[in-house]
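I opened the notebook to record what I looked up in this structure. The entries follow the order in which I consulted the model.

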Amino acid sequence: MSQVADAPHESHGRWKWAEWGRGPYQALSKVMLGPPFEGYLELDISVDGEPWHVQVSYSKSGFAPAETDPIDAPRLYEWDIVGRGTGESKASFNISPRFPDMRHWETGEPIRLPWESQFGEVEGIDVEYSPSNIEPERALELLPEFFHAIFEEAGEPIYREYFRKPPHPEYSREWAHERYVRVRREWAERLAKSGVLQKVMHHLTDLEGVKAELKIDNEEIINHQNRLVLEPSAVGELLPGHTYGQKFEIYQLRDADAVDSDHPSYHPKVEVLVNKAMNGGEAWSWGERRQVVEEIEETLLNFLAWDDIPLAPDASGVYVEDDHFEATTREESVEIYPDPTPRLEAKSDHLLLTTLRDMGETAEEVAGTVATDGGRRVDDLADQLGKHPATIYRAIKDLGEIVQLDDGQVSYRARKYREEIRALVESAEYAIDSYADRMQSIMGMADHIADCSPFQEWLAKNGAEIEYDENGEPERMRIDTILSRLKSDSFETAQTIAEEALYKWTRSGNDPLPLRRTLMAWKTPGGGTETAYVGAIADR
């Protein structure tokens, strides 16, 4: 199956060369500081047929001149070369000298840089790079073209090999790399409402030794900045062999509705970033960059696949091209791993099920009380339930791994457990023991659906049944769970369930119209039953 090719967004790092000493820096300083440029230059050039507008300027460094520098100034300059191409493509470089015994321009104190421990007492060049919407490898190709164009503009000769050799593969470092695809707004909204970010975060809360953070910003528009930050331990739980912490983000312009719906920026980017902040402050070597890119691309496409987003670039109505992202087929496919979240969910469900079946009366009371308020102290529970504190402690022990006790405060170990029990407590119909029976039935069904269609899997997961008429068309669907029409309730909404049913039905190769005309019946929070057409509920 074909997979869409992602595009580079941002990267940031530092290249190092010791082959030419400070030659490139000194030559650039000589030609730029004198007439006719006097420290500033703009020019237009073409590189491999691509137009680039190049701007050259200087900034003050923190370094004092070397003793051998024939200049009368307290501090050295650094040279900034910024190239802007078509669209939003950009290649920025800062060229700085390196030499033994570097000192602060004002205090005269030695400046300790990695250069000394890496190359020893030799001179060289350090280039900080930060391209946008181009590959860092392409930026490395552009650097010598920009550099030599400056000397051509000045009519001065220059050594043609400057920056045309590879930088040092180990000492050169990269500390940020981001890649993206652009998807239609309706697909991205599905990711935000019931998608992979929440699903992954929900299940990671049940794992010890992981660290992750979910940040949602839907204040003005859905998906303005919805981010899931995963440190290395969390990524390793989801994707085999991954070692770099990553950020998965859905990004929508805050004022996206101000542009036409056929403009690319009307639709959000789905991005994955790796930077040193998520990896213990450690950058990676230039020679290791391909491994980082591979992990980024695997995360990006796997997260899309886990939410049933088609990966084929020609998938109708999924991907939106812009100036830098083309919905083309990848040359080499990435590995798509099985969605780990059903496995984690089954583990959580099994733990909750066995705990519910084995708990005594006091444990059930404790479970319900803690679920409604988020956490209670043992003494307060004892007073409220009229039990001795020792009885409460025994009940907590019966509840096992689904709760935690910290300095006399009892709370649920995972949000999933609290939400499940809270829904039962607020229900007028189900008791905890009847829920355990229903859950056992659903889990039993799930054991036999591995090879079934997405819609059959959905039916089993939600404890739903569907009846067909004599022509084989769906006629009535019963959801054996409590749903609400109000989003403010703690129960799942009927609209969400109807939308999911239609989506899974369509993903199984069916015409959505018959299911839209199907009556759906579900339990209400007040203990009654409500019925409406699937299409009408989904469109609310």
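Entry 1, an arginine. I located arginine 289 in helix 7, which spans residues 289-306; helices (H or I, at least four residues) and strands (E, at least two) are DSSP runs, numbered from the N terminus. I noted that the model is predicted, that local features need pLDDT of at least 70 and side-chain atom pairs count only at pLDDT 80 or more, and that totals for chains, interfaces and linings use all residues. Residues are numbered from 1 along each chain as its sequence is written, and side-chain values use heavy atoms, with hydrogens and water left out.

Setting aside residues up to four places away in sequence, I found arginine 289 touching Glu137, Glu174 and Trp284 (contact means heavy atoms within 4.5 Å).

I looked up which element gives the most to the lining of the second largest pocket. Helix 7 does, with five residues. The lining has 15 residues, and Arg290, Val293, Glu297, Arg330 and Glu332 lie nearest the centre of the pocket. On a 1 Å grid over the protein atoms alone, a pocket is an open set of points where a 1.4 Å probe fits, with protein on both sides within 12 Å along at least five of seven lines; lining residues have an atom within 4 Å of a point.

I placed tryptophan 505 in helix 15, residues 494-507. I recorded tryptophan 505 as buried because its relative accessibility is 7%. The side chain of tryptophan 505 reaches the backbone oxygen of aspartate 511 at 2.7 Å. Beyond its neighbours within four places in sequence, tryptophan 505 is in contact with residues including Phe455, Tyr468 and Pro474. Phe455 is also among the buried residues of helix 14 (residues 454-461), with Trp458, Leu459 and Ala460. I also checked proline 454, which is 51 residues from tryptophan 505 in sequence and 7.2 Å away in space, C-alpha to C-alpha.

Most residues other than glycine have a negative phi, and most peptide bonds are trans. I found a cis peptide bond from proline 35 to proline 36, with omega near 10°. Proline 36 lies in the loop between helix 1 (23-33) and strand 2 (41-47). Aspartate 101, not a glycine, has a positive phi of about 55°, and at 46% relative accessibility it counts as partly exposed. Asparagine 133, likewise not a glycine, has a positive phi of about 60°; asparagine 133 counts as buried at 9% relative accessibility.

I noted an average pLDDT of 86 for the protein, with 88% of the residues scoring at least 70 (pLDDT is the predictor's confidence in each residue, from 0 to 100). Over residues 438-451 pLDDT stays under 50, and the model has 19 contacts beyond four places in sequence for them.

Definitions and conventions
Buried < 20%, exposed > 50% of the residue type's maximum accessible area, 1.4 Å probe, protein only. Polar contact = N/O pair within 3.5 Å; in protein donor to acceptor, adjacent residues only side chain to side chain.
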